[in-house]
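Please look through the following briefing with the structure open beside you. The points are grouped by topic.

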Amino acid sequence: MTGIELRAVTRRFGHQVALCDVDLAVRAGRVHALVGENGAGKSTALKILSGAEHPDAGSVLIDAGPVRLRHRRDGIDHGIGTVMQQLSLIGDLTLAENHILAGDRFRADRGRAARELTGVAERAGLRIPVDTPVAELELAQRQQGELAMALARGARILLLDEPTSALGPHETEALFDTIRTLADSGTAVLLITHRIDEVRAVADDVTVLTRGRVTLSGAMTDISDERLVAAMIGEQDDRTEPVRTVAPRTALVLSLTEVGTAGSKGLAGVDITVHAGEIVGVVGVGGNGQRILAEVAAGLVTPTTGSVRVADRPLTGDAARRETVSYVPEERDEALLPDADAAHSAILRTLGRGGFRTRVRTLDWPAIRTFTDTLMRRHDVRPASSTVRVGALSGGNRQKLVVGRELDANPVVAVLHGPTQGLDPRAAVAIRAEIRAAADRGTGILLISADIDEVRELADHILVISRGRIVDEFDIGQYSPTRVGRAMAGVTEGAA
Ligand SMILES: Nc1ncnc2c1ncn2[C@@H]1O[C@H](COP(=O)(O)OP(=O)(O)OP(=O)(O)O)[C@@H](O)[C@H]1O
């Protein structure tokens, strides 16, 4: 077989069996979807294929021959390109500079690297700014940058860990076009996703993992949606959707007035109001200012023009933020301490308010441990143990930890950027219910999300962002897909 395979692979972390006797064959010229709930072992499988992790038993084969991938470098030398959930780019450097660093080149020729990367990206239909520091790019742009870098290094095997989780529908479609074209020209593509519609849209083959074991595998043409759903999400309780009622507008809790930020990718003239108990959704094509908007609304970045007020007080600095504003950043790891145990991350907010101090001003660790275990159980973080290292939790479980911590704090305002990205359908439903419940308790929520269905389900009021400006806004009752699509594409009608 041409392509890459896992054969009878088992991988344990302590007592945790992440993969058990897993076979997975990703063939040249085909797109193979790897699906399963949070913590099922998908990222571990991908890391073993890339050389970043090693199996305890079983083997990796490329073009039917066993290979020993000691680290990612070996994988790259075998033509494997990887785009992980946690990106490996250096934030202070541009994509072109990252490309130079990744490529063993002794002479740093920035112009050449930029041209090479732009050329590869354009041929693949990716649009990436190669000369902007990576820290200023949206997650979607960083992912596309990593993909372009992998292609520039000549990858013939592509491993993509949830590349669509931060993308809107149009961007997803464009990425799938790219993936399809690459597969048609002989690339073997492994794609991790939580969305069945995406599996249907792009995959030729599918493998479902359930708690580390393969529970379904085969060609898409042989597998019905029902079988796929059953294998992916098991038994679901079909709770009916609650009837949506738009919250009456009460006290104003967050207001952005004429907010602008520096730089060509900044915000301009942004006015947003969020009332207590209201959910205001912001949708748009990724890279149109969502990240800076979230940072400004959460008080991390001070705008160059205009003002931000929370509960009618100017939002200044860290102190104000901790007391009243919760923030789930697009990149979850910015809100966690990956190298420490879960307790350290669980108390990040509370500590700032002087919580968990004993009378002699030391930290009350028994109380912290109990608090953390309860928080993790409440939000179904697996394993629910305060001593687990955060970096050892799966991506979805880290996401549950951050969102749970931020919503539990009963903030005046919560700024949530992509709160359900990377979550399996069951976990996403649970988090949406928590967002709704937080609003019902009176928190004003600014929900910035690439998932239009999610915004539609939750938001009372919707704003469309394009090139750093709010180009359209309307109450949920006026929602129409055409209107949103047009506004996202830069065609406005009605309010501006
Ligand atoms: N470095 C590690 N140390 C300890 N445990 C780990 C480590 N990496 C993964 N695990 C555990 O292995 C299991 C599988 O994790 P993995 O990240 O592969 O899941 P996943 O299917 O990718 O989940 P998600 O959809 O949430 O990203 C989880 O229980 C996780 O906690």
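The bounds of the domains used here come from an automatic or database domain assignment. This is a predicted model, and its protein chain is divided into domain 1 (3-233) and domain 2 (252-488). Taken over C-alpha atoms, the centres of domain 1 and domain 2 are separated by 28 Å.

**Where the domains meet**
- The contact between the two domains takes 22 residues from domain 1 and 25 residues from domain 2.
- On the side of domain 1 that touches domain 2, helix 5 and helix 6 each supply at least two residues.
- The residues of that side of domain 1 divide into seven nonpolar, ten polar and five charged.

- The ligand is surrounded by 18 residues, of which F13, S43, A392, S394 and G396 are the closest.
- Strand 2 (16-27), helix 1 (42-50) and helix 14 (395-408) are the elements that give two or more residues to this shell.
- Domain 1 and domain 2 each provide at least three residues of the shell around the ligand, and its residues divide into five nonpolar, twelve polar and one charged.

**Helix 6**
- The buried residues of helix 6 are E171, T172, L175, T178, I179, L182 and A183, and they lie on the same side of helix 6 because they cover an arc of only 135 degrees around the axis.
- Among the elements that cover these buried residues are strand 3 (31-35), helix 5 (139-152) and helix 7 (196-202).
- G186, which follows helix 6, has a positive phi near 110 degrees.

Methods. Residues are numbered from 1 along each chain as its sequence is written. This is a predicted model: local features need pLDDT of at least 70, side-chain atom pairs count only at pLDDT 80 or more; totals for chains, interfaces and linings use all residues. A residue is near a molecule or strand if its C-beta atom, placed from the backbone, lies within 6 Å of it. Helices (H or I, at least four residues) and strands (E, at least two) are DSSP runs, numbered from the N terminus. Ala, Val, Leu, Ile, Met, Phe, Trp, Tyr, Cys and Pro count as nonpolar, Asp, Glu, Lys and Arg as charged, and the others, Gly among them, as polar. A residue is buried if 20 or more other C-beta atoms lie within 10 Å of its own, exposed if 12 or fewer, and partly exposed in between; C-beta atoms are placed from the backbone. The arc is that of the directions from the helix axis to the C-beta atoms. Two residues are in contact if their C-beta atoms, placed from the backbone, lie within 7 Å.
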